[in-house]
Amino acid sequence: MFVDSHCHLDFPDLAEREEAILAAMAQNRVGHALCVSVKMEDFPRVLALAERHPNLSASVGVHPDNDGVEEPDEARLLALADHPKVVAIGETGLDYYWQKDAPEWQRERFRTHIRAARQCGKPLIVHTRSAADDTLRLMREEGAGEAGGVMHCFTESREVAEAALDLGFYISFSGIVTFKNARELKAVAQYVPLDRLLIETDAPYLAPVPHRGKTNEPAWVVHVAEEIARLRNEPLERIESATTENFFRLFRHAQAH
């Protein structure tokens, strides 16, 4: 089976099609998906989804873009992460693309998430955009390697991938790797060791070719796997089994069904 290691099924355009999305997953052999939290206010919805379906897991955290939302401290993250359906801390990280002033509150929030992940022993889901140097610096300073985790929706250079791999992190590729103009990213997908690869949709965003421009969904993670198999000149089955094994090794609290 395939696993979608990162999606947002609680977002309105997907939540209203819950049963159809799960049926499409089943038809495409997508056996599991991780529903990722982006703010505390919406976490109950994310958790409820994971509780309703045995093949869904949840994470808890606040996306770096979100300003003016509930700011969790370590204790709050730890309390929520104690739920058996919560398999990760995040999505967290740094995003200077939308927050061009590179705000200090973003860095403090990221530190809080790393510390919580280390304490609860659950991995981190890291988002980084236009902020790779600071992201890696904070990960090193806070000992993120102890918690482990994934650089989700990876769009950075090979050098950034190498640095993340050195910290013990996994690299996850989204539908962007199927885009024609993503040449540098395609090269990174060829380079990352097979035992550190993950695939994701980041649904409802970033639908892969041939669905580009549509509302993305977990069933389409297969197209990401197909492109990585093509780039690496490996059988699709090998990418399928490796990325699934990698997912359950990293997110060890997730239950395979």
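**Close-up 1. The salt bridge between Arg238 and Glu234 in the predicted model.** The side chains of Arg238 and Glu234 meet with 2.7 Å between N and O. Arg238 is partly exposed, with a relative accessible area of 45%, whereas Glu234 has a relative accessible area of 17% and is therefore buried, the cut-off being under 20%. This pair is a salt bridge, and the structure holds 21 salt bridges.

**Close-up 2. The salt bridge between Arg45 and Asp10.** Here the side chains come together at 3.2 Å, N to O, and the pair links distant parts of the chain, with Arg45 in helix H3 and Asp10 in the loop between strand E1 and helix H1, 35 residues apart. Asp10 is buried at a relative accessible area of 4%, while Arg45, at 40%, counts as partly exposed.

**Close-up 3. Glu142 and Arg115.** The closest N and O atoms of this salt bridge are 2.8 Å apart. Because Glu142 lies in the loop between helix H6 and helix H7 and Arg115 lies in helix H5, the pair ties together parts that are 27 residues apart in sequence. Glu142 is buried, at 8% relative accessibility, and Arg115 is partly exposed, at 33%. Both residues belong to a network of salt bridges that also includes Glu104, Arg107, Glu108, Arg111, Asp134, Arg137 and Glu141.

**Close-up 4. The crossing of helices H8 and H9.** The axes of H8 (residues 158-166) and H9 (residues 183-191) come within 10 Å and cross at roughly 35°, and the crossing is right-handed. Arg158, Ala161, Glu162 and Leu165 of H8 make the contact with Glu184, Val188 and Tyr191 of H9. By class, this contact has 4 nonpolar, no polar and 3 charged residues.

Methods
Residues numbered from 1 in each chain as written. Predicted model: local features only at pLDDT ≥ 70, side-chain atom pairs only at ≥ 80, totals over all residues. Heavy atoms only, no water. Axes fitted to C-alpha atoms, helices over the stretch in contact; angles between N-to-C directions. Helix = DSSP H or I, 4+ residues; strand = E, 2+ residues; numbered from the N terminus. Left-handed = near helix turned anticlockwise from the far one by under 90°. Contact = heavy atoms within 4.5 Å. Nonpolar A, V, L, I, M, F, W, Y, C, P; charged D, E, K, R; others polar. Salt bridge = Lys/Arg side-chain N within 4 Å of Asp/Glu carboxyl O. Buried < 20%, exposed > 50% of the residue type's maximum accessible area, 1.4 Å probe, protein only.
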